[in-house]
Amino acid sequence: MSKEIIYIFLGGGTGSALRYCIQLLMHERIVPYNFPWATFTVNIFGSFLIGLFYALSERFHLPFEVRLFLTTGLCGGFTTFSTFSSDGIGLLKGEFYGTFITYTLLSIAIGLTAVVAGGYLGKQL
């Protein structure tokens, strides 16, 4: 197994565990659960982080393996398009069409904005 695969594996496991912890915390604190706040939060924050990590890795010439750990591994394990999709289907099945549209549009628009913001911040640090 290559060294790169190990870095991605370690980052992915860390990101997945962090996502699970955030989801547990948010499900305990946000009532009622009528919007997929946990998935929305990790996807937006992960979008910000991937922009930040790419900018920092370029600026500080981080090794390729570290960039893989942070972006493909950590951010890939932390964010979750499959859960986003599943939450969307759940909203549609529950006939929450307005919430579905809001969730989808906000996730895409704010997610893209977060990537740009993270990249900008990474260049400023």
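**View 1. The lining of the largest pocket is made up of 8 nonpolar and 8 polar residues, with no charged residues among them.** The model shown here, as in every view of this set, is predicted. The largest pocket holds about 280 Å³ of space, and its lining comprises 16 residues, of which Asn 43, Ser 47, Phe 81, Ser 107 and Gly 111 lie nearest the centre. Helix 2 (37-59), helix 3 (64-78), helix 4 (81-93) and helix 5 (97-124) are the elements that each give two or more residues to this lining.

View 2. Followed along the sequence, the chain has the pattern α-α-α-α-α, and its C-alpha trace spans about 50 × 35 × 25 Å along the principal axes.

**View 3. Helix 2 and helix 5 approach one another until their axes come within 7 Å, crossing at roughly 25°.** Because an angle under 35 degrees counts as roughly parallel, helix 2 is described as roughly parallel to helix 5. The crossing in which helix 2 passes helix 5 is right-handed. Sorted by class, the residues that form the contact of helix 2 with helix 5 are 14 nonpolar, 9 polar and 2 charged.

**View 4. Helix 4 packs with helix 5 at an angle of about 160°, the two axes lying 8 Å apart.** Since angles over 145 degrees count as roughly antiparallel, helix 4 and helix 5 are therefore roughly antiparallel to each other. The crossing of helix 4 with helix 5 is left-handed, whereas helix 2 passes helix 5 in a right-handed crossing.

**View 5. Helix 1 (3-29) and helix 3 pack with their axes 6 Å apart and at an angle of about 35°.** The crossing of helix 1 and helix 3 is right-handed, and the residues of their contact divide by class into 10 nonpolar, 8 polar and 4 charged.

**View 6. Phe 35 and Tyr 103 form an aromatic pair whose ring centres are 5.2 Å apart.** A pair of aromatic rings is described by the distance of the centres and the angle of the planes. When rings are paired if their centres lie within 6.5 Å, the count for this structure comes to 8 aromatic pairs. In the pair of Phe 35 and Tyr 103 the ring planes stand at 85°, so the arrangement is edge-to-face, an angle over 60 degrees being the criterion for that class. This pair links distant parts of the chain, as Phe 35 belongs to the loop between helix 1 and helix 2 while Tyr 103 belongs to helix 5, 68 residues apart.

Conventions. Residues are numbered from 1 along each chain as its sequence is written. This is a predicted model: local features need pLDDT of at least 70, side-chain atom pairs count only at pLDDT 80 or more; totals for chains, interfaces and linings use all residues. Side-chain values use heavy atoms; hydrogens and water are left out. On a 1 Å grid over the protein atoms alone, a cavity is a set of points where a 1.4 Å probe fits but cannot get out, and a pocket is an open set with protein on both sides within 12 Å along at least five of seven lines; lining residues have an atom within 4 Å of a point. Grid points are joined across faces, edges and corners, and a volume is the space filled by probe spheres set on the points. Helices (H or I, at least four residues) and strands (E, at least two) are DSSP runs, numbered from the N terminus. Ala, Val, Leu, Ile, Met, Phe, Trp, Tyr, Cys and Pro count as nonpolar, Asp, Glu, Lys and Arg as charged, and the others, Gly among them, as polar. Axes are lines fitted to C-alpha atoms, for helices over the stretch in contact, and angles run from 0 to 180 degrees between N-to-C directions. Angles under 35 degrees count as roughly parallel, over 145 as roughly antiparallel, 65 to 115 as roughly perpendicular and the rest as oblique. A crossing is left-handed if the near helix is turned anticlockwise from the far one by less than a right angle, and right-handed if clockwise. Rings of Phe, Tyr and Trp (its six-membered ring) pair if their centres lie within 6.5 Å; planes under 30 degrees apart count as stacked, over 60 as edge-to-face and the rest as tilted.
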